[in-house]
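Got a model open and wondering where the labels come from? Let's go through a few of them, one at a time.

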Amino acid sequence: MSERSSGGAPADAGPGRPTQVSLARLAEFGIVPRRNLGQNFLIDDNIVELTLRRLEARPDDVAIEVGAGLGVLTKALLGATACVHAFEIDRRLEPPLRATLGHDPRLRLRMEDIMRVRLEDLDPAPTVCASNLPYSVAAPFLAEAVARLPQVRRYCVMMQKEVADRLTASPGVKDYGSLSVWMQLHVAFLDARPLSRAIFHPRPNVDSTLLTMERSIAHPLVESDPKHLRRVIDAAFASRRKTLANSLSGALGLDKQRVLVVLESEGLTDRTRGEELLPEAYVRLAPALAALSEQGC
């Protein structure tokens with residue numbers, strides 16, 4: 001993507017000044033990235049173009065972006081969608097964001113913590129999500145977004161490889177956990193592209209991934225009773241050293257023998273562990289465990 005199409009350099013960029021918009025804004029406003037906020041600004045316009053291609057946004061889409069940074073991806077999203085909800089927690093970045101984005105009426109720029117926002121109240125409701133996600137919010141934001149933003153049909157997000165590996169992990173591997181199960185009941189993973197550390201400034205000490213996901217609900221229960229289902233999933237992984245029966249009975253306050261009866265009805269044993277089950281197995285277990293809770297067992 002050209003400099004112009006992803007935001008362009010400031011008009012006063014001259015000899016010796018950086019021309020890529022993120023680097024130019026950092027220099028222009030004297031911004032020093034903050035490690036405690038996980039700030040690694042995107043400085044490769046080609047990745048912006050790739051993100052848009054994989055997002056497959058339509059002109060009537062509403063985008064949500066978490067970690068707007070210096071506005072390079074935000075600017076591109078404004079050119080591809082009808083409206084953009086852009087969130088940035090670092091208030092120092094509002095002046096450079098405004099310098100890049102102006103006061104476009106289609107932009108909803110909010111300088112606040114996304115984890116303190118009622119996602120359900122966003123108006124108009126987001127239908128796509130593209131972001132360079134800060135490490136600290138990548139997993140918790142996505143876990144909330146898939147449940148609370150049902151209209152979002154596609155995500156194309158940058159994150160640390162460690163988080164992407166957790167999201168996409170299969171049963172039986174080290175990275176497979178409650179986050180893996182929860183996400184895989186909501187989305188299908190379309191593509192995971194490794195990203196060079198050189199496309200960020202400052203250069204991070206870890207690898208990153210561009211992950212593309214599409215909403216794909218595995219079972220009606222995922223949307224009809226998400227709180228109980230998530231509680232069951234979290235309980236199953238509350239203690240990896242324990243068997244599934246012990247984890248569920250302890251975390252949910254249920255009688256172990258009755259929990260075992262439920263597990264045996266699914267062909268499981270007292271030695272089964274939570275990390276062995278496919279995500280769909282938790283959908284089958286949840287209603288029976290809910291019945292036990294109602295009985296006070």
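Q: What makes the largest pocket a pocket, and what is its volume?
A: A pocket is an open set of points on a 1 Å grid over the protein atoms alone, with protein on both sides within 12 Å along at least five of seven lines. The largest pocket has a volume of about 830 Å³, a volume being the space filled by probe spheres (1.4 Å) set on points joined across faces, edges and corners. This is a predicted model, where local features need pLDDT of at least 70, side-chain atom pairs need 80 or more, and totals for chains, interfaces and linings use all residues. Numbering starts from 1 along each chain as its sequence is written, and side-chain values use heavy atoms, without hydrogens or water.

Q: Why are H10 and H11 called oblique?
A: Their axes, lines fitted to C-alpha atoms over the stretch in contact, cross at roughly 125 degrees on a scale from 0 to 180 between N-to-C directions. Under 35 counts as roughly parallel, over 145 as roughly antiparallel, 65 to 115 as roughly perpendicular and the rest as oblique, so H10 and H11 are oblique.

Q: What makes H2 oblique to H3?
A: The axes of H2 (residues 45-55) and H3 come within 10 Å and cross at roughly 40 degrees, therefore H2 is oblique to H3.

Key: Helices (H or I, at least four residues) and strands (E, at least two) are DSSP runs, numbered from the N terminus. On a 1 Å grid over the protein atoms alone, a cavity is a set of points where a 1.4 Å probe fits but cannot get out, and a pocket is an open set with protein on both sides within 12 Å along at least five of seven lines; lining residues have an atom within 4 Å of a point.
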